[in-house]
Amino acid sequence: GKGKNTPPKCSFSYVYIVYIKGWETMALIEFRRTSLPAGKTLNTMVAQRGLGNFVVKLRSSAQTGAKGKYYQIVVAPTQSDPELLANARMFMSGK
């Protein structure tokens, strides 16, 4: 049915290609629905600092909504390591 808690058939999302420290690989991360605020935070960081110029840590935060408990992604800036940034840029450039 079409209740107030029924999500739309398609929803807006932010998608980024990211470098994962520890696995030394790239991945896609998608922010949609309850994670849109995290995507907006990452967009702001990209606009201010530029891609490949900063490091973030992702964590989850427990929230309670109309349908019960859910987890939301939180994007937090963290200390950048020049070697980590160099590795990420290398992977992103395909070299």
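**Exercise 1. The S3–S4 hairpin**

S3 and S4 form a hairpin with two residues between them. The model is predicted. Task: state how S3 and S4 run and how many bridges join them. Then place serine 60 within this pairing.

Solution. 
- Step 1. Take the strand limits. S3 covers residues 55-65, and S4 covers residues 68-78.
- Step 2. Read the pairing. The two strands run antiparallel, joined by eleven bridges.
- Step 3. Find the partners. Serine 60 of S3 stands opposite isoleucine 73 in S4. Serine 61 faces glutamine 72 in S4.
- Step 4. List the contacts. Beyond four places in sequence, serine 60 touches Tyr71 and Gln72.
- Step 5. Classify serine 60. Its relative accessible area is 49%, so serine 60 is partly exposed. The cut-off for exposed is over 50%.
- Step 6. Check a distance. Serine 60 and glutamate 83 are 23 residues apart along the chain, and their C-alpha atoms are separated by 26 Å.

**Exercise 2. Leucine 58**

Task: determine which residues leucine 58 touches, not counting those up to four places away in sequence. Is leucine 58 buried, partly exposed or exposed?

Solution. 
- Step 1. Locate the residue. Leucine 58 sits in strand S3.
- Step 2. List the contacts. They are Ile29, Ile73, Val74 and Val75.
- Step 3. Compare sequence and space. Leucine 58 and isoleucine 73 are 15 residues apart in sequence, yet 6.6 Å apart from C-alpha to C-alpha.
- Step 4. Classify. Relative accessibility is 42%, so leucine 58 counts as partly exposed.

**Exercise 3. The largest nonpolar core**

Task: name the residues of the largest nonpolar core. Which element gives the largest share?

Solution. 
- Step 1. Collect the members. There are ten: Tyr14, Tyr16, Ile29, Phe31, Ala38, Leu42, Met45, Val46, Phe54 and Val75.
- Step 2. Assign the elements. S1, S2 and helix H1 (36-49) each give two or more residues to this core.
- Step 3. H1 gives the largest share, with four residues.
- Step 4. Look for a separate core. Another one, of five residues, lies apart; its members include Tyr19, Val55, Leu84 and Ala88.
- Step 5. In soluble globular proteins, nonpolar side chains tend to be buried together.

**Exercise 4. A nonpolar patch on the surface**

Task: which residues form the nonpolar patch, and how much accessible area do they have together? Which elements supply at least two of the residues?

Solution. 
- Step 1. List the patch. Val15, Ile17, Met26, Leu28, Met90, Phe91 and Met92 form it.
- Step 2. Give the area. Together these residues have about 650 Å² accessible.
- Step 3. Strand S1 (13-20), strand S2 (25-32) and helix H2 (82-93) each supply at least two residues.
- Step 4. H2 contributes the largest share, three residues.
- Step 5. Leucine 28 lies in strand S2. Its relative accessibility is 63%, so leucine 28 counts as exposed.

**Exercise 5. The salt bridge**

Task: how many salt bridges does a search of the whole structure find? Which side chains meet in a salt bridge?

Solution. 
- Step 1. Count. The search finds one.
- Step 2. Identify the pair. Glutamate 30 and arginine 32 meet through their side chains at 3.8 Å, N to O. The cut-off is 4 Å.
- Step 3. Classify both ends. Glutamate 30 counts as partly exposed because its relative accessibility is 41%. Arginine 32 is also partly exposed, at 36%.
- Step 4. Follow glutamate 30 to a further contact. Serine 35 touches Glu30 and Ile73, leaving aside neighbours within four places in sequence.

**Exercise 6. Positive phi**

Task: where does glutamate 24 lie, and where does arginine 33 lie? What is the phi of glutamate 24?

Solution. 
- Step 1. Recall the rule. Most residues other than glycine have a negative phi.
- Step 2. Take glutamate 24. Its phi is positive, near 45°. Glutamate 24 lies in the loop between S1 and S2. With a relative accessible area of 42%, glutamate 24 is partly exposed.
- Step 3. Take arginine 33. Its phi is positive too, about 50°. Arginine 33 belongs to the loop between S2 and H1.

Key:
Residues are numbered from 1 along each chain as its sequence is written. This is a predicted model: local features need pLDDT of at least 70, side-chain atom pairs count only at pLDDT 80 or more; totals for chains, interfaces and linings use all residues. Side-chain values use heavy atoms; hydrogens and water are left out. Patches are made of residues with over 30% relative accessible area and no salt bridge: like charges are joined within 9 Å, nonpolar side chains (Val, Leu, Ile, Met, Phe, Trp, Tyr) within 5 Å. Accessible areas come from the Shrake-Rupley method with a 1.4 Å probe; for residues, only the protein chains shown count as cover. Buried means under 20% relative accessible area, exposed over 50%, partly exposed in between (1.4 Å probe, protein chains only). A nonpolar core is a set of buried Ala, Val, Leu, Ile, Met, Phe, Trp, Tyr and Cys residues joined through side-chain atoms within 4.5 Å. Contact means heavy atoms within 4.5 Å. Two strands pair if DSSP finds at least two bridges between them.
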